Amino acid sequence: MPHFPKAHITPIKEQPINLSARMTTSVEQTTAIIIGAGPSGLSTAASLHRLSIPYTLLEREDCIASLFTKKTLHRFHLHLPKRFCQLAHIPFPAKFPTFVPRTDLLKYLDDYAFQFNIKPKFGNLVTSAEYDEDGEVWKVETEVVGGGVGRYEGRFLVVATGENTEAFVPEVDGLGGFKGEVVHSTEYKSGEKYGGKNVLVVGAGNSGMEVAYDLSECGARTSIVVRSPIHVISTWSVTIGLLLLKVLPLHLVDSLLVWSSKLMYGDLTKYGMQRAKEGPFFIKVRDNKYPVIDMGTFKNIKSGKIQVLPAIKSIKDGGDEVVFENGKQYQFDAIIFATGFKTSTHLWLKGNDSFLNKDGTPKTMYPNHWKGENGFYCAGLAQTGIIGAAMDAQKIAQDILNLISK
């Protein structure tokens with residue numbers, strides 16, 4: 001059963017981009033090329049470093065873990081206990097709280113990179129990665145921020161771009177004519193500027209629920225679209241559930257979680273929501289949909305500080321009124337889309353059909369998902385969360401060591 005931390009995080013110390021060192025078309029050769037300096041790439045780099053295997057780590061942004069550093073709200077905490085969210089080889093410090101806040105998480109990541117001497121090549125947007133059968137190497141080409149092209153060759157390629165790469169906003173009839181503010185949750189930091197305004201959050205996953213909570217606490221008149229049946233579970237129950245999965249079958253653990261949810265939250269239909277029929281862990285495994293781990297949002301839904309609305313039908317042309325599937329319409333000053341991400345790997349990975357599905361997940365089934373052919377690997381793409389990515393990284397490093405030692 002995969003573990004599944006849902007992360008949002010705070011700024012790490014950003015490292016300057018050395019553009020002058022990259023304005024070159026010469027080819028840099030190494031043993032392994034890692035694409036992505038998020039948790040998956042950091043764990044992979046650390047694992048290779050411990051085995052003295054040369055590597056090059058490419059990152060399009062100007063900092064490590066950019067999703068957590070730049071694209072999460074300030075109030076963020078990890079939704080799972082720290083034991084389920086640590087990178088390879090180094091656990092979170094014992095003094096950190098069980099549910100790690102953004103500032104502590106970023107310090108952990110920054111210290112981790114220092115400990116393993118991880119120095120990504122920042123500002124390198126990968127435009128092509130292709131296996132050269134004649135030379136038996138992977139050739140990677142990048143666009144360098146500020147101009148120029150980077151070229152790299154390595155016997156092994158590790159795709160560590162994670163599950164969350166490109167922000168996704170669905171098509172909504174009339175959205176282009178909405179006269180208020182429209183942003184994705186990755187651009188949302190705090191609800192302070194929305195105080196007294198009517199704000200609609202679209203998306204009832206953990207990100208959407210946390211944004212809605214933050215808005216309501218900052219005085220915004222907050223509404224959230226809950227389109228599909230969901231599970232709402234407490235932080236303590238998900239913790240116990242993950243531990244019980246080691247000794248009990250999934251369906252029994254799901255039954256316990258649903259029972260505890262009903263006991264704590266009662267009948268969700270009273271608040272405009274429906275509880276999913278299948279269990280929360282079953283849905284996570286089948287659909288990679290996370291249960292809502294309640295960090296305080298339900299209290300504000302119950303009190304009326306957050307209004308629950310059904311799916312959007314349309315937005316009136318040139319206005320600020322949103323029409324919902326139940327026929328009701330409301331005026332909003334802003335819409336925040338917490339609608340997840342889509343992969344961009346297919347845009348640059350040549351021969352992609354051989355390695356990954358269209359949604360960016362590995363074609364090889366879990367638990368052998370981390371290894372492909374011709375020295376291809378992927379870390380953190382199997383929907384097993386940060387700790388799963390750490391496990392991938394260690395397997396990848398050991399496999400590479402075995403191959404180069406022959």
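In what order do the five strands of the open sheet with parallel pairing lie? In this predicted model, the order is E7-E16-E8-E9-E12. The edges of the sheet are formed by E7 and by strand E12 (306–309), each of which pairs on one side only. On average, neighbouring strands of this sheet are turned by 20° against each other, direction ignored. In general, the strands of a sheet pair through backbone hydrogen bonds, in either a parallel or an antiparallel sense.

Strand E16 (residues 334–337) has strands E7 and E8 as its neighbours in this order. With strand E7 (residues 181–184), E16 pairs in the parallel sense over four bridges. Within this pairing, glutamate 181 has alanine 334 as its bridge partner, and valine 183 has isoleucine 336. Strand E8 (residues 198–202) likewise runs parallel to E16, and four bridges join the two. Here valine 201 stands opposite isoleucine 336.

Strand E14 (residues 321–324) runs antiparallel to E15 and is joined to it by three bridges. In this pairing, glutamate 321 stands opposite glutamine 331 of E15.

A search of the whole structure finds 15 aromatic pairs. In one of them, the ring centres of tyrosine 265 and phenylalanine 298 lie 4.8 Å apart and the ring planes stand at 70°, so the pair is edge-to-face. Because tyrosine 265 belongs to helix H6 (residues 250–265) and phenylalanine 298 to helix H8 (residues 297–303), the pair ties together parts that are 33 residues apart in sequence. Both tyrosine 265 and phenylalanine 298 are buried. Phenylalanine 355 and phenylalanine 376 have ring centres 4.2 Å apart and planes at 20°, so this pair is stacked. The pair links distant parts of the chain, 21 residues apart: phenylalanine 355 lies in the loop between strand E17 (341–342) and strand E18 (376–378), and phenylalanine 376 lies in strand E18. Phenylalanine 355 and phenylalanine 376 are both buried. Elsewhere, one aromatic cluster is formed by Phe92, Phe96, Tyr108, Tyr112 and Phe116. A charge over a ring is also found, with lysine 284 lying over the face of tyrosine 290 at 5.0 Å from the ring centre.

Rolling a probe the size of a water molecule over the atoms shows where empty space is left. The count comes to three cavities of 30 Å³ or more. The second largest cavity has a volume of about 40 Å³. Its lining comprises His79, Asn206, Met209, Glu210, Val292, Ile293, Asp294, Met295 and Thr297. Helix H4 (206–217) and strand E11 (292–294) are the elements that give two or more residues to the lining of this second largest cavity.

Methods
Residues numbered from 1 in each chain as written. Predicted model: local features only at pLDDT ≥ 70, side-chain atom pairs only at ≥ 80, totals over all residues. Heavy atoms only, no water. Pairing = 2+ DSSP bridges. Phe/Tyr/Trp six-rings, centres within 6.5 Å; stacked < 30°, edge-to-face > 60°. Buried < 20%, exposed > 50% of the residue type's maximum accessible area, 1.4 Å probe, protein only. Lys NZ or Arg CZ within 6 Å of the ring centre and 35° of its normal. 1 Å grid on protein atoms, 1.4 Å probe; cavity = no way out; pocket = protein on both sides within 12 Å on 5 of 7 lines; lining within 4 Å. Points joined across faces, edges and corners; volume = space filled by probe spheres on them. Axes fitted to C-alpha atoms, helices over the stretch in contact; angles between N-to-C directions.
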